[in-house]
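Here is a short tour of one protein model. Have the sequence and the 3D view at hand as you read.

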Amino acid sequence: MGLRKSCNRQAQALALKKIIKRCSSFGKNNDSGLPNDVPKGHFVVYIGESRSRYIVPISCLDHPTFQHLLQRSEEEFGFNHDMGIIIPCQEVDFLSCFSVSA
């Protein structure tokens, strides 16, 4: 059972890396097709039913509350889609936990 949990975490980590790379400034150049408004060291998340777009520092990945939200996101939406990370919570709740840019 412990091995399965580890494999799940590895799969989740790989999926997150792919999404963050796609939604962030890693390796960004002008021809990359990535948004120009995402500063280096940040990535995009979509919050709530309205899918409001926020730019989040990568350091948030270490925050326990954000990790919990990522687990909920994976359970509800999965990580195998073309859109960025969708966080299933109310926008006001997200903003109360994190200071991020809209």
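The side chain of Arg 51 reaches over to the backbone oxygen of Gly 48, at 2.9 Å. That is a polar contact, meaning a pair of N or O atoms within 3.5 Å; within protein, one must be able to donate a hydrogen and the other to accept it, and residues adjacent in sequence count only if both atoms are side-chain atoms. This is a predicted model, where local features need pLDDT of at least 70 and side-chain atom pairs count only at pLDDT 80 or more, while totals for chains, interfaces and linings use all residues. Residues are numbered from 1 along each chain as its sequence is written, and side-chain values use heavy atoms, with hydrogens and water left out.

Arg 51 sits in the loop between β1 and β2. Helices (H or I, at least four residues) and strands (E, at least two) are DSSP runs, numbered from the N terminus. The phi of Arg 51 is positive, near 55°, and Arg 51 is not a glycine. Most residues other than glycine have a negative phi. With a relative accessible area of 31%, Arg 51 is partly exposed: buried means under 20% relative accessible area, exposed over 50%, and partly exposed in between (1.4 Å probe, protein chains only). Although Arg 51 and Ile 87 are 36 residues apart along the chain, 8.4 Å separates their C-alpha atoms.

Ser 52 is part of strand β2. Its side chain and that of Ser 50 are joined by a polar contact of 3.1 Å. What else does Ser 52 touch, leaving aside its neighbours within four places in sequence? Val 45, Tyr 46, Ile 47 and Glu 91 are in contact with Ser 52, where contact means heavy atoms within 4.5 Å.

## Two ring pairs

Rings of Phe, Tyr and Trp (its six-membered ring) pair if their centres lie within 6.5 Å; planes under 30 degrees apart count as stacked, over 60 as edge-to-face and the rest as tilted. By this rule, there are 2 aromatic pairs. Take Phe 43 and Phe 66: their ring centres are 6.1 Å apart and their planes stand at 70°, so this pair is edge-to-face. Phe 43 belongs to strand β1 (residues 42–47) and Phe 66 to helix α2 (residues 64–77), so to speak two distant parts of the chain, 23 residues apart, linked by the pair. Phe 43 counts as buried at 0% relative accessibility, and Phe 66 is buried with a relative accessible area of 0%.

Tyr 54 and Phe 94 form a tilted pair, because their ring centres are 5.9 Å apart and their planes are at 50°. Tyr 54 is in strand β2 (residues 52–57) and Phe 94 in helix α3 (residues 91–97), so the pair ties together parts that are 40 residues apart in sequence. Both Tyr 54 and Phe 94 are buried.

## Helix α2

The 14 residues of α2 should span 20 Å at 1.5 Å a residue, and the end C-alpha atoms are 20 Å apart, which agrees. (The expected span is 1.5 Å times one less than the number of residues.) Which residues of α2 are buried? They are Phe 66, Leu 69, Leu 70 and Ser 73. An α-helix has 3.6 residues a turn, so residues three or four places apart point the same way. On the face of α2 turned away from the buried side are the exposed residues Pro 64 and Glu 75.

Ser 73, in α2, counts as buried at 1% relative accessibility. Leaving aside its neighbours within four places in sequence, Ser 73 is in contact with Gly 78, Phe 79, Ile 85, Ile 86 and Pro 88. Gly 78 follows α2 and has a positive phi, near 75°.

## The whole protein

The protein has 3 helices and 3 strands, running α-β-β-α-β-α from the N terminus on. Of its 102 residues, 34% count as buried.

Terms used: The expected span of a helix is 1.5 Å times one less than its number of residues.
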